[in-house]
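Hi,

Here is the structure I promised to pass on.

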Amino acid sequence: MQLISGNFGIRTAINKSPIPDLKIIIAEQTELLNNIPATILESAPILVVEIVSYGNRDDDYCFKRSEYAVTEISEYLIVDYEAQKYLL
């Protein structure tokens, strides 16, 4: 497993690939990203972390959460510094 913050999206639908702040991926996914210049990961990471920003609260709490729910992502963590809480 590897924790990464690269600028690549996670495929959630045909035309949707949100880019999480952090993600943990397995070795095979790391290898894939190293071997091709992929900008979209087609398979689900183990963990996705979104750090809530003042301007995108709805994105992280509503839109991205429901997008990730349709994938096989095991865990989705929302870190909200302003509210001083996290949600798994």
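Below is what turned up, starting with the overall fold and moving on to the charged side chains.

A word on the ground rules: this is a predicted model, so to speak of local features we need pLDDT of at least 70, side-chain atom pairs count only at pLDDT 80 or more, and totals for chains, interfaces and linings use all residues. Residues are numbered from 1 along each chain as its sequence is written, and side-chain values use heavy atoms, with hydrogens and water left out.

The protein chain has two helices and seven strands (DSSP runs numbered from the N terminus: H or I of at least four residues for helices, E of at least two for strands). Going from the N terminus, the order is β-β-β-α-β-β-α-β-β. Buried residues make up 35% of the 88; buried means under 20% relative accessible area, exposed over 50%, and partly exposed in between, with a 1.4 Å probe and protein chains only.

Now the charges. Searching the whole structure gives four salt bridges, each a side-chain nitrogen of Lys or Arg within 4 Å of a carboxyl oxygen of Asp or Glu.

One of them pairs Glu42 with Arg11, with the closest N and O atoms 3.1 Å apart. Glu42 is in the loop between β4 (40-41) and β5 (47-51) and Arg11 in the loop between β2 (9-10) and β3 (22-25), so this pair ties together parts 31 residues apart in sequence. Glu42 counts as exposed at 54% relative accessibility, while Arg11 is partly exposed at 25%.

Another joins Lys64 and Glu50, at 3.4 Å from N to O. Lys64 belongs to helix α2 (residues 57-69) and Glu50 to strand β5, 14 residues apart. Both Lys64 and Glu50 are buried.

Then there is Asp80 with Arg57, whose closest N and O atoms are 2.7 Å apart. Here strand β6 (residues 75-80) holds Asp80 and helix α2 holds Arg57, 23 residues apart. Asp80 is buried, with a relative accessible area of 1%, whereas Arg57 is partly exposed at 28%. Salt bridges with shared partners also join Glu50, Asp60 and Lys64 into one network.

Finally, look at Lys23: its charged end sits over the ring of Phe8, 4.6 Å from the ring centre (the cut-offs are NZ of Lys or CZ of Arg within 6 Å of the centre and within 35 degrees of the ring normal).

Cheers
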